[in-house]
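Let's take a walk through this structure together, with the sequence at hand and the 3D view open. We will go from helix packing to charged pairs.

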Amino acid sequence: MNRLKCLLTAALWLAVSHASAGEVEVLHWWTSGGEAKSITVLKEMLEQQGYTWNDFAVAGGGGESAMTVLKTRAVSGNPPAAAQIKGHDIQEWASLGFLTNLNEVATTEGWDSFIPPMITDVMKYHQDYVAVPVNVHRVNWTWANPKVFQQAGAKIPTNLDEFFVAADQIQAAGYIPLAYGGQPWQDVTVFETLALDMLGAQGYVKAFVDLDMKTLSSTQMVEVFTQFQRLHRYVDGGAPGRNWNVATSMVIKGEAAMQIMGDWAKGEFSAAGKQPGKDYVCVPALGTAGAFIYNVDSFVFFELNDHDSIQAQQVLAKTILDPEFQKVFNLNKGSIPVRTDMDMSSFDQCAVDSMREFKSSAKTASLVPSVAHDMATTNYVQAAIFDVVSNFAADRTADPREAAQRLAKAVKAAR
């Protein structure tokens with residue numbers, strides 16, 4: 001990574017804009033489904049204002065391929081006008097001097113008045129806006145099939161104790177209690193939800209944002225690992241390597257009772273023609289009602305030299321937070337608008353509930369960044385956490401106390 005930084009820094013003086021007047025080249029990896037439809041809407045909204053959108057789409061999962069292409073472009077001195085980047089990567093690109101200052105449009109549009117500080121802090125570098133948030137995903141959801149619960153005579157759980165009671169009943173009735181995908185990011189999605197419940201928001205932040213060694217190796221963290229291990233008793237043998245959407249389909253089909261997953265899972269239910277409150281139910285996962293683990297998609301904006309293209313950048317930044325685009329994009333993606341002043345009447349009950357707790361958790365300091373989804377810490381620390389948690393999940397005989405010690409040591413080494 002140090003070599004990359006050197007290359008990028010050396011190439012920075014070569015960076016010039018090759019865009020035509022009034023044009024923005026936008027790198028992203030939203031190439032299918034509702035995301036692709038939403039990007040098309042953003043393009044159309046920009047072009048209606050007299051500017052040109054040059055689509056730079058790089059297909060591939062969570063954007064790994066796109067980031068490889070972006071680094072190559074940046075090293076050659078030809079970065080795009082905007083790129084889909086989130087979390088701590090924003091700070092890294094900004095520290096290299098590649099990103100432009102968006103304070104003028106942010107001040108004119110009053111971004112600070114309708115975006116919570118926890119989110120704007122991620123979008124800023126040294127108090128200057130360098131990125132624009134697009135949406136908010138809530139990670140700590142349980143998605144449940146009410147028919148399976150009814151058949152098992154079980155209650156949809158709202159806390160950990162209720163989860164284990166319901167899981168026993170569901171298992172006895174012949175269903176899989178928890179649809180699960182055994183991949184590192186999915187392991188950590190469930191693990192961080194348990195951690196939020198058991199450590200509380202303050203303890204969660206100490207562990208995964210402040211990287212406090214005492215918290216990471218504490219008896220409370222040992223208990224998180226203990227309950228994480230216990231939870232795996234209710235997962236079927238086919239879980240290792242399973243994709244998240246396959247696990248979601250198990251709930252949709254009635255093979256499994258529930259899944260702990262972010263609100264992108266809602267798109268799978270919608271695509272299957274299922275209705276919230278009838279065919280599926282969404283509840284805050286494992287006792288985390290009132291708290292909110294967030295995952296925020298965003299775009300960063302690179303330094304350009306052409307005046308017309310710089311103006312087009314400013315218009316694009318403004319348009320991303322336009323209420324109409326916020327509505328269309330988030331209706332398609334299953335997330336909620338990042339604007340807290342939005343009219344939610346077009347959204348389903350899951351989204352309405354999510355927005356309510358997004359606002360309330362921001363006021364009570366219970367809005368916390370996701371470890372699993374690149375929001376809480378650096379890529380190096382995240383990778384260390386992934387290794388410890390996923391290895392623990394794969395070994396049913398692992399010692400929770402030893403796991404907590406390994407977690408603290410791994411994080412310390414990766415800092």
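What follows looks at one pair of helices and then at some salt bridges. Please keep in mind that this is a predicted model.

Let's begin with the helices. Two packed helices are described by the angle between their axes and the distance between the axes. Find helix α2, which covers residues 33–47, and helix α15, which covers residues 307–320. Their axes come within 10 Å and cross at roughly 130°. An angle over 145 degrees would count as roughly antiparallel and one of 65 to 115 as roughly perpendicular, so α2 and α15 are oblique to each other. Their crossing is right-handed.

Which residues make the contact between α2 and α15? From α2 come Leu42, Met45 and Leu46, and from α15 come Ala312, Val315, Leu316, Thr319 and Ile320. Sorted by class, this contact has seven nonpolar residues, one polar residue and no charged residues.

Now for the charged side chains. Side chains of opposite charge can pair when their charged atoms come close. How many salt bridges does a search of the whole structure find? The search gives 12, and we will visit some of them here.

Start with glutamate 357 and arginine 138, whose side chains meet in a salt bridge at 2.5 Å, N to O. This pair links distant parts of the chain: glutamate 357 sits in helix α17 (residues 349–363), while arginine 138 belongs to strand β7 (residues 135–138), and the two are 219 residues apart. Are these two residues buried or exposed? Both glutamate 357 and arginine 138 are buried.

Stay with helix α17 for the next pair, arginine 356 and aspartate 353, which lie three residues apart, about one turn of the helix. Their side chains form a salt bridge at 2.9 Å, N to O. Buried means under 20% relative accessible area, so aspartate 353, at 18%, counts as buried. Arginine 356, in contrast, has a relative accessible area of 46% and is therefore partly exposed.

Finally, turn to helix α19 (residues 400–414), where glutamate 402 and arginine 406 are four residues apart, again about one turn of the helix. Their side chains meet in a salt bridge at 3.8 Å, N to O. Here glutamate 402 is partly exposed, with a relative accessible area of 45%, and arginine 406 is partly exposed as well, at 39%.

How values were computed
Residues numbered from 1 in each chain as written. Predicted model: local features only at pLDDT ≥ 70, side-chain atom pairs only at ≥ 80, totals over all residues. Heavy atoms only, no water. Axes fitted to C-alpha atoms, helices over the stretch in contact; angles between N-to-C directions. Parallel < 35°, antiparallel > 145°, perpendicular 65-115°, else oblique. Left-handed = near helix turned anticlockwise from the far one by under 90°. Contact = heavy atoms within 4.5 Å. Nonpolar A, V, L, I, M, F, W, Y, C, P; charged D, E, K, R; others polar. Salt bridge = Lys/Arg side-chain N within 4 Å of Asp/Glu carboxyl O. Buried < 20%, exposed > 50% of the residue type's maximum accessible area, 1.4 Å probe, protein only.
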